[in-house]
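Please look over the sequence and the structure shown here before reading on.

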Amino acid sequence: MIHHIPFDYMYTFMLDVFTGIGVPADEAKICADVLIASDKRGIDSHGIGRLKPIYYDRIVDQKIQKPTTEFEIVRDHLATAVVDGHHGMGMVVAERCMQMAIDKAKKHGLGMVVARNSTHYGIAGYYPLMATAENMIGISGTNARPSIAPTFGVENMLGTNPLVFGFPTDEPFDFVNDYATSIIQRGKIEQYAREGRDCPEGLIVGRDGKSKTDSKQILDDLVKGEAALAPIGGIGEETGGYKGYGFATVTEVLSAALQQGAFLQQCVNKDADGNLKPYELGHYFMAIDIKCFCEPVDFRKTAGDIMRALRESEKAPGAERIYTCGEKEYLAGIERAESGVPVNEALQKDMITMRNELNLNYTFEFE
Ligand SMILES: NC(=O)c1ccc[n+]([C@@H]2O[C@H](COP(=O)([O-])OP(=O)(O)OC[C@H]3O[C@@H](n4cnc5c(N)ncnc54)[C@H](O)[C@@H]3O)[C@@H](O)[C@H]2O)c1
């Protein structure tokens with residue numbers, strides 16, 4: 001049965017887990033904040049659901065990520081910087097890099113900070129929204145373990161590589177196109193598998209070049225390299241798959257070339273001898289100070305006018321409404337502030353395991 005847990009309780013639990021596995025208190029706050037932001041925004045693939053497999057297990061069991069983050073600035077040049085994360089917490093690396101980019105933009109109009117040797121940084125949208133809160137345009141992306149096949153290819157080469165822009169608006173929510181450059185990403189396939197549903201046609205390509213739909217099989221096949229995700233636009237050229245392939249490549253280059261970090265199939269957790277190793281991910285963060293171009297209030301109004309015009313345009317027959325990016329997450333936030341974060345049975349088990357292993361003092365209502 002699904003239980004709903006209030007934001008504050010979930011945040012405190014995440015905080016205790018992060019500190020319990022050795023993340024320093026101030027850095028644990030950043031990590032828990034990125035995760036709870038995902039749960040608040042209704043992005044179930046990247047919140048509490050990721051705490052055990054992506055952070056806890058990688059630190060405690062696999063030892064391929066460090067709970068403490070050595071944030072080394074290897075180059076610093078007016079509006080730009082290069083950071084080495086030394087396999088610490090991706091969210092800490094990312095939050096600090098975006099803050100640096102914002103601070104640089106305050107001084108120079110633009111700021112760009114890139115990171116190498118980092119780890120999974122959670123929802124990409126978190127970081128551009130740090131910039132929009134400061135009347136700036138924010139941009140961020142990250143590479144990830146290889147899973148997208150190039151157009152006409154079947155091998156998983158590119159990560160799900162989000163390429164995310166945040167724009168401040170005069171609406172109650174800012175614009176943020178917070179998504180992968182694959183049509184679907186692993187977290188959603190896991191969700192389909194949990195619900196016993198097949199993936200829709202055309203999202204996953206097998207070694208034979210044909211579409212795969214069996215969700216459970218796909219999860220295994222992705223790991224074995226027997227399946228790959230199609231880029232936005234789909235398999236082949238007919239529906240423009242090469243456009244998503246191009247965007248995924250943009251993120252791969254910006255996540256690796258400026259910072260001279262790992263890329264494509266180097267971003268895996270095993271070395272050539274099959275020994276576990278860190279993923280060596282790269283990220284990029286840009287902040288653009290709007291007041292160098294126009295009054296932020298005017299930018300917000302124009303951006304808001306664009307969103308409103310889109311939403312007010314003629315709807316397809318049978319469609320109830322048109323959304324703009326960031327809107328569904330805003331609405332989810334309002335609903336979840338009342339209902340809390342949904343926690344299914346698999347996640348309940350994860351929470352109990354982490355609590356027991358860390359001897360944390362929690363009695364969950366679902367026990
Ligand atoms: N760290 C990583 O390695 C990594 C990699 C890939 C994805 N992610 C994260 O995973 C999360 C989920 O990614 P996803 O690809 O499943 O996202 P998704 O396909 O659910 O898309 C969500 C985005 O699309 C917008 N959207 C949804 N429906 C819309 C509509 N009808 N009209 C207009 N906009 C609409 C939302 O506002 C949101 O910005 C994101 O937060 C992303 O950053 C992280």
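Predicted model: local features only at pLDDT ≥ 70, side-chain atom pairs only at ≥ 80, totals over all residues.

**Domains**

The chain is divided into three parts, whose residue ranges are set out in the table.

| Domain | Residues |
|---|---|
| domain 1 | 1-61 + 326-367 |
| domain 2 | 68-179 + 236-325 |
| domain 3 | 184-229 |

Between the centres of domain 1 and domain 2, taken over C-alpha atoms, the separation is 23 Å, and the contact of these two domains draws on 17 residues from domain 1 and 18 residues from domain 2. On the side of domain 1 that touches domain 2, helix H2 (25-40) and helix H10 (327-339) each supply at least two residues, with H2 giving the largest share, seven residues.

**Helix H1**

Within H1, the residues Met10, Tyr11, Phe13, Met14, Val17 and Phe18 are buried. Seen down the axis of H1, these buried residues fall within an arc of 160°, and therefore they line one face of the helix. An α-helix has 3.6 residues a turn, so residues three or four places apart point the same way. The buried residues of H1 pack against strand E1 (3-5), H2, helix H3 (48-60), strand E11 (341-343) and helix H11 (345-358). Just after H1, Gly22 takes a positive phi of about 105°.

Definitions and conventions:
Residues numbered from 1 in each chain as written. Domains from an automatic or database assignment. Contact = placed C-beta atoms within 7 Å. Helix = DSSP H or I, 4+ residues; strand = E, 2+ residues; numbered from the N terminus. Buried ≥ 20, exposed ≤ 12 C-beta atoms within 10 Å, placed from the backbone. Arc of directions from axis to C-beta.
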